[in-house]
Amino acid sequence: MNCKISIIVPVYNVDNYLRLCLNSILIQTFADFEVILVDDGSTDGSGAICDEYSAKDERIKVFHKENGGVSSARNLALDCMKGEWVFFCDADDVLFENALEVLVGFTNDGIDSVCCGYVKISESNELLSYNTSEFCELLSSSDALMDFYQPLFSKSRNIYLWNRLLKTSIISGNKLRFREDLPIKEDGLFLVQYLCRCNGKHKLSSIPVYKYRINLTSVMNTYGKTLNSKTILGLSAGIECSKEIQRYTDNVLLIKLSREFVAKRFLYLFSKTIKVRNAHLGEVWQVTKDVFKFVSAKDVISVICKTIKKKCDE
């Protein structure tokens, strides 16, 4: 059965939050959707909760698989989706009741993606932050990518996967899939690949649709705090993003920003390396060679100069 929106939810050991997430989906004011739950080898009660909700709502489909990571779970769902649009949701997060209605309201002719606002909540569901900026803009693909690196209308870059609608025809038509060898930043790379293949416009609105839970032990909130394989692979994802941009656009400023982003992440990684000698130095050396095959010393110097200027202006 085809529908307007396919909601993809990868599930792994989130039994404390999964019911909150699914309940927020099922009370949506817009009802023409399917939910694809992919239980990625959970060892708690998450799989049973998925089956419970599937039994009481025919819009919910459940797949159980061996643990392979969030990318493999999302890829399985992409192979099964029936919607015109796709919405990615993390299993420990929550939607505003009118989230899908707001998003669908922006899907006019010629729109290839819709990105809306979000708030941050604590593990106990308390509101932590709220973006007070108000905007509603129509962007080209080039500007949407620019906003990925340099905020155009708000204080934060719109780099997330979970506060937007993407067209399934563009994903399927270009055979886009998540890189299963990247445990971090794979969503950013997927989004850059998607935007690079769009010919239409992109709606960007500050209206909040998503409640992002701050989990202090999650991959995202521990990323970059220590030197490890995930930190290094995060830089590799940044390199792939910039390569993708250079293949699909001739926007000089955008290319420059993407290269400087890689240089900035490299300098951060280098600062971690010189403070700690550990088993990952070989990986650091390899990614260093990859960086300098791609970015120039001029890019690195530019980042250093901008960092110094920012410190001086504070």
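Me: Does Lys175 count as buried or exposed?

Reply: This is a predicted model, in which local features need pLDDT of at least 70, side-chain atom pairs count only at pLDDT 80 or more, and totals for chains, interfaces and linings use all residues. Residues are numbered from 1 along each chain as its sequence is written, and side-chain values use heavy atoms, leaving out hydrogens and water. Buried means under 20% relative accessible area, exposed over 50% and partly exposed in between (1.4 Å probe, protein chains only). With a relative accessibility of 73%, Lys175 therefore counts as exposed.

Me: Lys175 has a positive phi although it is not a glycine; about how many degrees is it?

Reply: Lys175 belongs to the loop between H6 and H7. Helices (H or I, at least four residues) and strands (E, at least two) are DSSP runs, numbered from the N terminus. Although Lys175 is not a glycine, its phi is positive, at about 55 degrees.

Me: And in which class of accessibility does Asn13 fall?

Reply: Asn13 also has a positive phi without being a glycine, at about 50 degrees. Its place is the loop between S1 and H1. Because its relative accessibility is 31%, Asn13 counts as partly exposed.

Me: How are H1 and H2 oriented to each other?

Reply: Helix H1 (residues 18–26) and helix H2 (residues 46–56) pack with their axes 10 Å apart, at an angle of about 25 degrees. Axes here are lines fitted to C-alpha atoms, for helices over the stretch in contact, with angles running from 0 to 180 degrees between N-to-C directions. Angles under 35 degrees count as roughly parallel, over 145 as roughly antiparallel, 65 to 115 as roughly perpendicular and the rest as oblique. H1 and H2 are therefore roughly parallel.

Me: How many charged residues does the contact of H1 with H2 have?

Reply: Leu18, Arg19, Leu22, Asn23 and Leu26 of H1 meet Ser46, Ile49, Cys50, Glu52 and Tyr53 of H2. In this classification, Ala, Val, Leu, Ile, Met, Phe, Trp, Tyr, Cys and Pro are nonpolar, Asp, Glu, Lys and Arg are charged, and the others, Gly among them, are polar. The contact of H1 with H2 divides into six nonpolar and two polar residues, while the number of charged ones is two.

Me: Why is H5 largely enclosed by the rest of the structure, and how many of its residues are buried?

Reply: The buried residues of H5 are Ser141, Ala144, Leu145, Met146, Asp147, Phe148 and Tyr149. H5 is largely enclosed because, of its nine residues, the number buried is seven.

Me: How many charged residues are there in the contact of H5 with H7?

Reply: Helix H5 (residues 141–149) packs with H7 at about 160 degrees, the axes lying 9 Å apart, and the two are therefore roughly antiparallel. Ser141, Ala144, Leu145 and Phe148 of H5 make the contact with Gly188, Leu191, Val192, Leu195 and Cys196 of H7. By class, these are seven nonpolar and two polar residues, and the number of charged ones is none.

Me: H7 also meets H3; how many charged residues does that contact have?

Reply: The axes of H3 and H7 come within 11 Å and cross at roughly 40 degrees, so the two helices are oblique to each other. Val70, Ser71, Arg74 and Leu78 from H3 meet Glu186, Asp187 and Phe190 from H7. By class, the contact has three nonpolar residues and one polar, and its charged residues number three.

Me: Which helices do the buried residues of H3 pack against?

Reply: The buried residues of helix H3 (residues 70–80) are Ser71, Ser72, Ala73, Arg74, Asn75, Ala77 and Leu78. They pack against strands S1 (3–11), S2 (33–40), S3 (60–65) and S4 (83–88). The helices they pack against are H6 (168–173) and H7 (186–196).

Me: Last one: is Asn163 buried or exposed?

Reply: Asn163 lies in the loop between H5 and strand S9 (164–167). Not counting residues up to four places away in sequence, Asn163 touches Phe87, Leu103, Val114, Cys115, Cys116, Gly117, Tyr118 and Val209. Because its relative accessibility is 1%, Asn163 counts as buried.

Key:
Contact means heavy atoms within 4.5 Å.
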